[in-house]
Each structure stands twice: as structure tokens, then as C-alpha cells.
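Let's take a friendly walk through one part of a protein chain. Have the sequence and the 3D view ready as you read.

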Amino acid sequence: LRAQVQKREAALQDVRAKIAHTRKALQETVAKKKALEGSSPQ
Amino acid sequence: MKLRISTVVVVAGAIALACATPPKPRELEAFDTLRKANEATLPEAGKRSPDLAAEADRRSATARDEWQSNDLAESRRDALIALIKLKSELAIYEQEQLKTRLQTLSGQQAQAEEESAGLSKDLASEQEKLALLQKYVDARKTADADKQRLSQEMTSEQQKAQAEQQRLSQELVSEQKIAIAQLALRTADTVEASKYAGAEYAAAGDMLASATAELKQNDYPAAQASAEVAKKNADRATEIAKPLYEQAAQSNENKARNEALARDAPAITGVKVRIDPRGDLQRLVIVIPELFKKRDPNIAPGHDGTLDGVAELLKKYPSYPVQVIGYTDNHGKSTELIAISAARAQAVYSALAERGVEVKRLMVSGLGGEDPFVDNRSAAGRAKNNRVEIVFMYH
């Protein structure tokens, strides 16, 4: 059970890391999009 | 005495040793250590496994009593059992805790997976939008760059076209000025300026040649200037030559007309023609002999054809002043003959007027027997002298 818990915690950690990474990427993407919208010619 | 005291001490020590508590069994020590280490969790663990907790407590108490009673073997056995029960109690508790934790983790993971999936979806969506936006921006940049490049190219082409247009315009202006100068020179030719204004005409020709050469060398300002000078010279040559030419031309024209008149006049039937110059004045004299009978002032019949011919000749050459002079033979009084001859001239005047001749140019006179046409000594000569002369006058 300990091993399962550890494994599950590790997996959860991975998912959370993935979430953090995805969220950061999303923020960067949104920022880039806004910057492009701001700089794009009308 | 001393020996007795020592023996008493040793015996007393032995007794003391025999009556003292033995060392705590290590199983019991292990139990106490484990219990102390899990002191915080034991109440909860005891709730989960009350039987095991109670048995562990009972066995540990028994083992402690047996230890105090110096029953070490039993103490160790019961302490070991108590340790096993306690470990089992703790293990069950831990197992439950782990299961709960595992369940919690599963829930959290599922939630995290769901969140991750949502974020991934959002990210993909935003990335797609970003890619499209980037594509749009790139396309706009490319389009703007193309537009700017085309604009620059167009500007460059326009500048070239303007320069070419300006050059062509200058060339055209030069050609026009040369053409104007050529026309001026041709105009000068029409009045024979080379003959009557040789210097100006030659200068115009030279400048025109210079203008043409400068045009070929694309030296438009020089070509235009030369062409303008050529035109001025040609105009000047025309101005000088024109009156001289016109004078000459008029003279030639008059000469040709006089010659034509001299050719046409003898073709009239019943007349005699002679040229009778008097000083600068030239006179073409058309004699109509035997036009009258003796002293009759009226025209004798049979002369209509002759008068028609004379009338047509007068109309054909309308610019000549013309005298209509009547004559007689020399038999009679001079005053009487003059009157008859004047009447005869008037009769011819009237006949010509009837035939449509413009009579304002006609001057009528009678000279009697003056200037006989032939000798009056014979009747035939006198008949011929009864005549009228139509005199065309010119220089």
C-alpha cells in the first residue's frame, strides 16, 4: 500500500507539474496573442 | 573479628543482590519504545482495533508484573506478545490510513487529470488561435512589405517615366521648333528668299542644320535655340524677299497675261492686231476696219461676230484699261470727222456694253482722220480707215 501511495503521489505530482507547465504555457500563449493583437496592423 | 565482619558484608551483599529487580527485558523495552513512538496515533489506532489494543495493554501489564516478580521468561513472552499485538494494531491503523490516503490521491489525481485535460484543451485552442494570428500577422507583414516594395518600384518607375516623358517632351518641343523653322524656311522659299535675301536665308539654313544635328545629339536646349534663330532668320528673309518677289511675280504675271492677250486677240475674226508701244506704256491695238460706211456713225451690219469676239476678250482680261477710239478717213472737215469718229466709238461702246462688258474701264474718244490705218488715197484704203480701235494699255 505504501508503494501504491508513493506511486500515486508521484503520479499526482507529475500531473500537477504538467498542470503547472500547461498553465504557464497557456499564460505565455495568451500573452503572445495579446501582444500580437496589439501589434498587428488594422 | 575482622573476618567475621567481612563475611557478614559479603552475605549481606549477596542477600541484597538476590532481593533486587532484574534488568528490564528487551522485548518489554521494545514495546515501551514502540508505544512511546506512536503515542499520538495510538488513541485512533485503539479505536480501530480495540481488541488488539486491549490485549497489548493486558499482555504488557502482565509482562511488567512478571518482570517485577523477577519472572523474566514469562515477562519476555508476554512482552513479545504485547509487542506483536501493538504492531498489529499500528499496522492495521496504518493500512487504513494508507487506503484513505490512496483514495484521496485517486480523487485528487482524477481531478488533476481533468484539470490537466481542460488546460491542455485550452492551451491547444489558444495555441491554434495564436498560430492563426501569427499567420495573419505574417501575411499582413508580407503584404505590407510587398505593398511597400511595389510602391517603391512604382515610384521608381514613375520617376523614370517622368524623366522619359520630360525628355520626350523636350524632344517634341525641339522637333516642333525645328518644324516651325523648316516651315518658315519653306515660306521663305515661296518668295525666293534665297534670291532676294540671300544672307538671311543662308543663315536660317545653317542654323536649321545645326538644330537638326543638336537634336540628333539629344542636346535639346541648343536645338531649340538654334531652331528659334533659324526661324527668325527665315522670317526676316521672307520679310525682305516678299515685296521684291511679289513685284517680280506681278511683273511675270503681267507679262504672261500680256503675252496671252497678244495670242488671243488675233484669233478674233475680222480684226487686225498690232503692238504699239509709247514710252513705258505698251499698247495692244485691235483694229476693226470697215466697221462703218462713209460718214455713217452707226455700225454696219455683219460685224456682230467680231464685236462678240472683242467683248469676250475684254471680259477674259478684265484688268486692263481700254480705250475705244473711233476713226474716219481723211475726207472732210476735221471737226466733223472728229464728231463722227467719237459717235462711232460711242456706238462700239454701247455694243460692248450690250454684250456684258464692264464699261467703267472703257475710255471712249474719237480722233477723226488721225493716224490712218492704211493709205487714204484709194477708196478701199478709205473704207478701211473708217474703223474703231480697241486699245489695251499696260506697262
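In chain B, β1(B) and β2(B) make a hairpin with six residues between them, and G279(B) in the turn has a positive phi of about 65°. Strands here are DSSP runs of E with at least two residues, and helices are runs of H or I with at least four, numbered from the N terminus. Two strands pair if DSSP finds at least two bridges between them.

This is a predicted model, in which local features need pLDDT of at least 70 and side-chain atom pairs count only at pLDDT 80 or more, while totals for chains, interfaces and linings use all residues. Residues are numbered from 1 along each chain as its sequence is written, chains are lettered from A and ligands numbered from 1 in the order in which they are written, and side-chain values use heavy atoms, without hydrogens and water.

Here are the pairings of β2(B):

| Partner strand | Bridges | Direction |
|---|---|---|
| β1(B) | four bridges | antiparallel |
| β5(B) | seven bridges | antiparallel |

V287(B) stands opposite K272(B) on one pairing, and its bridge partner in β5(B) is E389(B).

Is β2(B) mostly covered or mostly uncovered? Six of its seven residues are buried, meaning under 20% relative accessible area with a 1.4 Å probe, protein chains only.

Technical notes. Buried means under 20% relative accessible area, exposed over 50%, partly exposed in between (1.4 Å probe, protein chains only).
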